[in-house]
Amino acid sequence: MTPKEIVAKNYECFNTGDMETFVSLYHDDVTITLNGMHRFSGVHQGINAWMNVLSQIPSRYDNFSVTPVNMIAEGDQVFTQIHAKADGLEADFGHFHKIVDGKIKEFWVYDDSQKMAHVMKAV
C-alpha cells in the first residue's frame, strides 16, 4: 500500500471498529502527539499507549466519528483534513502521519483542543 492508502485504511478501520487491522497499520513504537491541554493531550509512546487513549473516547464523546475530507501525500508523509462529529461537536481538524517501512511511525493530531475539552466537559 502507498502511504496515502495506509492512512485511508487507518480511518476506515477506526470508523468500522476493525481494531485488529487498525493496530497492524502502526509500528509498535509509534509516537502520537496530541495538541492542547486536555486529558488526551501529550506525547504517547507505543501502540499500547495509543490504544489506551482511543479506548477512552466512547466514555467522553457520544457518537464520535471522523471523516477524511482531503488527503495530501508527499513521499512518506500524509496530511489529512478530517471532519469530526460527536454529540455537541462538529469541527474540521488536521492530522499528519509519517509512514516508515509501510506502517505509521509518527502521528500528529492537530485538533481544536478547546472544542474537544469543552465536549468532554473538561473546561
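**A walk through the chain**

Read along its sequence, the chain runs α-α-β-β-α-α-β-β-β-β-α. That makes five helices and six strands, and the model you are looking at is a predicted one.

Let's start with the overall form. The C-alpha trace spans about 40 × 30 × 25 Å along its principal axes. A compact globule of 123 residues would have a radius of gyration near 14 Å, and the chain agrees, with 14 Å. Of the 123 residues, 39% are buried. Among the contacts with a separation of 6 or more, 45% join residues 24 or more positions apart.

Now to the charges. The chain carries 10 positive and 16 negative side chains, and the centres of these two sets lie 5 Å apart. Side chains of opposite charge can pair when their charged atoms come close. Here the structure holds two salt bridges.

One of them stays within helix α1 (residues 3–16), where Glu-12 and Lys-9 sit three residues apart, about one turn of the helix. Their side chains meet at 3.3 Å, N to O. Glu-12 is partly exposed, with a relative accessible area of 42%, and Lys-9 is partly exposed as well, at 27%.

The other joins Lys-105 and Asp-29, at 2.7 Å, N to O. Because Lys-105 lies in strand β6 (residues 103–110) and Asp-29 in strand β1 (residues 26–34), this pair ties together parts that are 76 residues apart in sequence. Lys-105 is partly exposed, with a relative accessible area of 22%, and Asp-29 is also partly exposed, at 44%.

Key
Residues are numbered from 1 along each chain as its sequence is written. This is a predicted model: local features need pLDDT of at least 70, side-chain atom pairs count only at pLDDT 80 or more; totals for chains, interfaces and linings use all residues. Side-chain values use heavy atoms; hydrogens and water are left out. Helices (H or I, at least four residues) and strands (E, at least two) are DSSP runs, numbered from the N terminus. The radius of gyration is taken over C-alpha atoms; the globule rule is 2.2 Å times the number of residues to the power 0.38. Buried means under 20% relative accessible area, exposed over 50%, partly exposed in between (1.4 Å probe, protein chains only). Contact means heavy atoms within 4.5 Å. Lys and Arg count as positive and Asp and Glu as negative; His and the chain ends are not counted. The place of a charge is taken as NZ of Lys, CZ of Arg, CG of Asp or CD of Glu. A salt bridge is a side-chain nitrogen of Lys or Arg within 4 Å of a carboxyl oxygen of Asp or Glu.
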